[in-house]
Amino acid sequence: MEFASEKKREILSSIARNDGHGEHSPYFDGWKAYDRNPFHPTQNPDGVIQMGLAENQLSFDLIEEWIKNNPTASICTPAGVGKFKDVANFQDYHGLMEFRQAVAKFMGRVRRGKATFDPNHVVMSGGATGASETLIFCLANPGDAFLVPSPYYPAFDRDIRWRTGVRLIPVPCDSSNNFQVTLAQMESAYTKAIEANINVKGVILTNPSNPLGITLSKETLTSLLSFTFEKNLHMVCDEIYSATVFNSPAFTSISEVMQETECNPDLVHIIYSLSKDLGLPGFRVGIIYSYNDQVVNCARKMSSFGLVSSQSQHLLASMLSDEVFVKKFLEESSRRLAKRYSRFVEGLKQEGIHCLEGNAGLFFWMDLRHLLKEPTHDAEMELWRVIIKDVKLNVSPGSSFHCTEPGFFRVCFANMDDHTVEVALKRIKEFVSNAMEVAMLRNTGERGISA
């Protein structure tokens with residue numbers, strides 16, 4: 001009797017029971033649809049084509065060639081096994097010095113030498129996901145907020161909010177100016193947050209943008225850095241796509257802008273990774289680069305929960321130190337990304353589908369507003385379900401990126417071979433043709449009723 005009257009106790013923690021991970025969003029639902037029925041050119045030609053995963057698979061051959069030509073870079077080859085004991089026993093959370101030096105040098109190379117990086121400020125983490133969360137743990141308390149221009153990467157809700165308890169406040173951008181964030185928009189969002197008694201700790205920018213596939217201009221970065229300086233806010237720049245720029249304008253890093261703009265360096269932090277630029281997401285190499293010594297020290301201690309394996313560090317230190325390879329890889333990767341982007345965008349244009357003009361990233365921002373039954377998010381989701389179920393393409397709806405304007409979709413283009421590209425374009429062509437016929441019949445019927 002006494003037991004029955006006791007208040008029911010929860011077996012699991014609040015984190016285990018909540019939905020903060022976001023796995024039930026359309027963004028992840030598309031991945032699940034692919035996993036249930038994955039496309040294969042011969043074994044499953046009617047399966048779902050994965051166009052919702054931003055992977056860079058276009059230049060693997062260059063890395064494979066380098067590995068074959070440099071057998072000592074791996075401790076798991078006869079030529080490199082002499083280093084096995086030293087590398088296998090290394091567990092210092094500072095990371096191998098040669099790895100941090102190579103990463104710092106590579107970051108400077110990607111930024112065309114317009115900024116240099118101190119290896120002692122390079123903190124490693126388990127991918128950009130781990131790096132983002134670790135940095136936020138260092139900068140903010142539960143309930144604090146960061147302003148983020150939207151549309152933004154859906155998994156920020158997982159990476160930044162889920163375990164930290166931090167809030168993200170979208171700063172809505174739209175097609176009226178090609179989704180470029182403005183100082184006025186940022187100031188408005190900040191003012192509203194302060195009026196709502198929300199403690200704003202900083203601004204988070206993705207440059208190049210995911211999902212837009214565009215870079216932020218130097219002028220925009222300068223104005224926003226000045227804004228954070230005036231308000232005493234942190235400036236966090238996610239620059240994990242910095243080496244994927246394939247058209248002009250060139251990439252401008254916050255590290256370059258801060259040299260020419262009045263700011264507090266202690267409030268500037270960069271998230272970096274080798275998952276996108278080198279196409280190595282499985283290596284789980286995430287980097288925090290902070291100009292704040294206290295943040296570096298705290299993040300380094302916290303990195304114990306998600307270190308990069310010493311074997312990966314050893315291999316990548318050798319690879320990134322090879323200047324001839326790095327130059328060749330960056331140039332060829334850019335050329336291949338440009339070619340693939342052009343093939344998709346031009347192919348879509350022939351079907352009357354327009355995309356935001358992009359110059360970076362592994363995706364483009366596709367405009368399907370003309371195919372919506374009405375300009376609502378419900379209509380966008382209805383169209384998305386048709387694309388997933390009938391067209392069998394996993395593209396990601398704009399609403400999952402917190403886009404306020406219905407009808408836009410992110411399409412990833414670098415995670416497939418040329419044959420799959422053509423299959424995808426053929427499916428889109430047939431779908432658009434059928435959709436336009438239905439729309440014409442619907443419009444004809446409506447005119448008949450009104451008459």
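Modeller: Val-257 is buried, because its relative accessible area is 0%. The cut-offs: buried is under 20%, exposed over 50% and partly exposed in between, with a 1.4 Å probe and protein chains only. This is a predicted model, in which local features need pLDDT of at least 70, side-chain atom pairs count only at pLDDT 80 or more, and totals for chains, interfaces and linings use all residues. Residues are numbered from 1 along each chain as its sequence is written, and side-chain values use heavy atoms, leaving out hydrogens and water.

Val-257 sits in helix H11, residues 254-257. Helices are DSSP runs of H or I with at least four residues, strands runs of E with at least two, numbered from the N terminus. Setting aside residues up to four places away in sequence, Val-257 touches Lys-218, Leu-221, Thr-222, Leu-225 and Thr-252; contact means heavy atoms within 4.5 Å. Ile-160 is elsewhere: 97 residues from Val-257 along the chain, with 25 Å between the C-alpha atoms.

Now the pairs. Start with helix H6 (residues 97-110) and helix H13 (residues 310-320): their axes come within 8 Å and cross at roughly 40°. Axes are lines fitted to C-alpha atoms over the stretch in contact, and angles run from 0 to 180 degrees between N-to-C directions. H6 and H13 are therefore oblique to each other. Under 35 degrees is roughly parallel, over 145 roughly antiparallel, 65 to 115 roughly perpendicular, and the rest oblique. From H6 the contact takes Glu-98, Phe-99, Ala-102, Val-103 and Phe-106; from H13 it takes Gln-313, Leu-316, Ala-317 and Leu-320.

Stay on H6 for Arg-100, which also lies in this helix. Arg-100 is buried because its relative accessible area is 6%. Beyond residues up to four places away in sequence, Arg-100 touches His-94, Gly-95, Pro-119, Asn-120, Val-122 and Arg-300. Thr-116 is in the loop between H6 and strand S2 (122-126). Thr-116 is exposed, because its relative accessible area is 68%. From Thr-116 to His-377 is 261 residues in sequence and 44 Å in space, C-alpha to C-alpha.

Next, helix H7 (residues 127-139) and helix H12 (residues 293-302). Their axes are 9 Å apart, and the helices pack at an angle of about 130°. H7 and H12 are therefore oblique to each other. H7 brings Thr-134, Leu-135, Phe-137, Cys-138 and Leu-139; they meet Val-295, Cys-298, Ala-299 and Met-302 of H12.

The last pair is helix H4 (residues 60-69) and H14, whose axes come within 10 Å and cross at roughly 160°. So H4 runs roughly antiparallel to H14. H4 supplies Asp-61, Leu-62, Ile-63, Glu-65 and Trp-66; H14 supplies Phe-325, Lys-328, Phe-329, Glu-332 and Arg-336.

The largest nonpolar core holds 142 residues, and Leu-147 and Phe-364 have the most contacts inside it. Helix H14 (residues 323-349) gives the most to this core, with ten residues. Such a core is a set of buried Ala, Val, Leu, Ile, Met, Phe, Trp, Tyr and Cys residues joined through side-chain atoms within 4.5 Å. Outside four places in sequence, Leu-147 is in contact with residues including Ile-169, Val-171, Met-186, Tyr-190, Ile-204 and Phe-227.
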